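Work through the exercises below with the structure open beside you. Each task is followed by a solution in steps.

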Amino acid sequence: MRKNVFNIAIVIMAFLCYSLVSDQSTTSNEEIVASMPDNVYESVSLSAGDGASVDELAAEYLNNKSYYDSLDENTVEAIN
């Protein structure tokens, strides 16, 4: 009986540890968009189009991350 309780406790602790670690390693689309510099946000918005959702903005940014990250601080350009 004690062995079963101990095994169940170990499984629960392992699951909790896994849940905490996996939550910290993921970044939400909202966090991605919020962390963009203003010029990058404007450029991504121009490329994604009017009314683009947060998910679409994050996808556009991640698909072309090297381009957007290379923009000068005051440059706003859309990818055509």
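## Exercise 1: a patch of negative charge

Glu56 is a residue of helix H4. The model is a predicted one.

**Task.** Classify Glu56 as buried, partly exposed or exposed, and state which residues gather with Glu56 in a patch of negative charge.

**Solution.** 
- Step 1. The relative accessibility of Glu56 is 46%. Buried would require under 20% and exposed over 50%, so Glu56 counts as partly exposed.
- Step 2. On the surface, Glu56 belongs to a patch of negative charge together with Glu30, Glu31 and Asp55. Two elements, helix H2 (29–34) and helix H4 (54–63), each give two or more residues to this negative patch.

## Exercise 2: salt bridges

**Task.** Find how many salt bridges the whole structure holds, and which side chains meet in a salt bridge.

**Solution.** 
- Step 1. Searching the whole structure gives 1 salt bridge.
- Step 2. The side chains of Asp69 and Lys65 meet in a salt bridge, at 2.6 Å from N to O. The cut-off for such a pair is 4 Å.
- Step 3. Helix H5 (residues 65–69) holds both Asp69 and Lys65. The two residues are 4 residues apart, about one turn of the helix.
- Step 4. Asp69 has a relative accessible area of 40%, so this residue is partly exposed. Lys65, at 37% relative accessibility, also counts as partly exposed.

## Exercise 3: a nonpolar patch

**Task.** State which residues form a nonpolar patch on the surface, and where Ile12 is placed.

**Solution.** 
- Step 1. The nonpolar patch is formed by Ile8, Ile12, Phe15 and Leu16. Together these residues have about 420 Å² of accessible area.
- Step 2. Ile12 is placed in helix H1 (residues 2–25).
- Step 3. The relative accessibility of Ile12 is 46%, so Ile12 counts as partly exposed. Patch residues must have over 30% relative accessible area.

## Exercise 4: the whole protein

**Solution.** 
- Step 1. Read from the N terminus, the order of elements is α-α-α-α-α.
- Step 2. Among contacts with a separation of 6 or more, 54% come from residues 24 or more positions apart.

How values were computed:
Residues numbered from 1 in each chain as written. Predicted model: local features only at pLDDT ≥ 70, side-chain atom pairs only at ≥ 80, totals over all residues. Heavy atoms only, no water. Patch = residues over 30% accessible without salt bridge, like charges linked within 9 Å, V, L, I, M, F, W, Y side chains within 5 Å. Areas by Shrake-Rupley, 256 points an atom, 1.4 Å probe, with all protein chains shown as cover. Buried < 20%, exposed > 50% of the residue type's maximum accessible area, 1.4 Å probe, protein only. Contact = heavy atoms within 4.5 Å. Lys, Arg positive; Asp, Glu negative; His and termini not counted. Charge placed at Lys NZ, Arg CZ, Asp CG, Glu CD.
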